[in-house]
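This report describes how one protein chain is divided and where its parts touch. It begins with a single pair of residues and widens from there.

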Amino acid sequence: MQLGELLGRISAQRLQDLALSLVQIPSPTGDSVQVTEHYADYLRRIGLEVELRYDVADRFPKSPSLAARLRGGPGPTLQLDGHLDTIPAEHAAPYCRDGIIHGRGATDMKSGLTAMAEAARVLMESGARLKGNLLLTAHGLHEAPTGRGEGLSALVAHGIHGDMAIVTEGRIRELEVVGLGQSTFEIVIRREGEVVHELQAPPGAPHPILVGHELVGRLLERNAELARVDIPLTGPESIFIGIFEGGDFYNRLPTTCRIMGTRRYAPEKSHRDIQREFEELVDEMARKHHVTISLDLRKTREGYRMAEDNLARCVLQAAARDILGQPLVEVGQRSVGDVSILTREAGIPAGYLGVGHGAHSSNEHVSVDELVLLTRMLLAAICHYPGLAEAGN
Ligand SMILES: [Zn+2]
């Protein structure tokens with residue numbers, strides 16, 4: 001059995017049908033039972049050993065995770081991973097026209113889940129035997145702010161992961177070899193007392209909006225400092241303010257001011273470093289202005305950096321040479337995803353590979369040709385790792 005023979009077995013029609021059926025089942029983050037069961041049924045039908053896990057059910061009863069296995073020889077396990085949830089934003093109803101599938105999740109990332117299933121199906125139907133194993137994992141709770149990777153983290157915590165992983169979202173001709181970490185922050189400034197007319201405010205009463213304004217100024221100064229240190233491929237660390245609110249009437253002194261935003265940081269740093277940075281600033285401002293300031297800083301994902309000899313990097317580049325005839329362009333990424341969980345929590349080499357356009361937009365779409373190409377790349381990767389056993393072995 002050789003790669004060429006496997007590639008010849010890919011079915012564009014099956015890819016189209018599965019992708020459309022997945023996109024037709026809405027699965028906003030936190031509510032992915034139906035799509036998970038649909039995907040599990042499909043994998044079971046093609047002959048995989050499927051396990052549905054409700055490990056995060058205590059907090060998220062509607063976000064099961066699944067693990068599906070194709071067992072081969074005693075070699076290592078390649079994991080293909082994807083998230084089944086989509087952002088909750090409105091999108092036109094799913095449809096397929098001229099070989100292009102449109103709908104919420106078409107790109108992000110039911111496209112990847114579809115190609116993973118097709119790669120497994122091709123292997124099953126060909127009778128090819130792997131030197132090791134193939135593990136497909138799929139889960140919810142990916143998309144922030146509702147999800148922060150709890151589905152995948154729970155699988156990893158239960159020891160369910162491969163020796164190397166490909167997360168099937170992202171780009172097909174680029175390899176993201178470095179990714180920034182990201183935390184989100186919510187800062188609430190409160191003064192004592194009630195909301196009062198500006199003229200009745202006690203002398204010297206702190207003004208939460210002005211304290212907030214000064215605090216934002218300090219965050220922007222810090223951002224300018226960060227901007228002076230370039231990080232190759234991703235650009236510098238950053239602080240972004242997305243929400244600033246306070247006050248309810250033009251001449252009333254409010255009691256609170258709320259600020260929210262993101263903090264993106266170098267892969268060598270951790271969420272804990274960022275926590276310290278924010279605590280220092282918030283404590284200083286609270287003391288200076290006699291207000292209380294609450295800080296809710298949450299990790300979305302840590303960053304990651306692939307070493308030159310990272311196995312996922314080598315395997316994905318080898319697959320690109322086989323299928324595209326040229327290597328992937330190595331880039332960095334500022335947004336966060338699940339490679340960081342696999343790298344930092346499971347401790348395994350992992351990389352992204354995906355297709356589609358308009359993730360999170362009002363026109364997510366992916367072509368059937370792209371689904372075929374991703375499946376080809378995944379099969380080529382599988383032939384490199386764990387590899388196909390010789391006939392008769
Ligand atoms: Zn995604």
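## A bridge between two strands

In this predicted model, Glu176 has Val331 of strand E16 as its bridge partner. The strands E8 and E16 pair over five bridges, and the sense of their pairing is parallel.

## The sheet

E8 and E16 belong to an open sheet of three strands. The order across this sheet is E15-E8-E16, with mixed pairing. E15 and E16 are the edge strands, each of them pairing on one side only.

## Two domains

How is the protein chain divided? Domain 1 is made up of two stretches, 3-178 and 304-387, while domain 2 covers 181-301. Between the C-alpha centres of domain 1 and domain 2 the distance is 37 Å.

## Where the domains touch

The contact between the domains involves 16 residues of domain 1 and twelve residues of domain 2. On the side of domain 1 that touches domain 2, at least two residues each come from strand E8 (174-179), strand E15 (304-305), strand E16 (329-333) and helix H9 (339-344).

Which element gives the most to this side of domain 1? E16 does, with three residues. As for the kinds of residue on the side of domain 1 that touches domain 2, eight are nonpolar, five are polar and three are charged.

Definitions and conventions. Residues are numbered from 1 along each chain as its sequence is written. This is a predicted model: local features need pLDDT of at least 70, side-chain atom pairs count only at pLDDT 80 or more; totals for chains, interfaces and linings use all residues. Domain bounds come from an automatic or database domain assignment. Two residues are in contact if their C-beta atoms, placed from the backbone, lie within 7 Å. Helices (H or I, at least four residues) and strands (E, at least two) are DSSP runs, numbered from the N terminus. Ala, Val, Leu, Ile, Met, Phe, Trp, Tyr, Cys and Pro count as nonpolar, Asp, Glu, Lys and Arg as charged, and the others, Gly among them, as polar. Two strands pair if DSSP finds at least two bridges between them.
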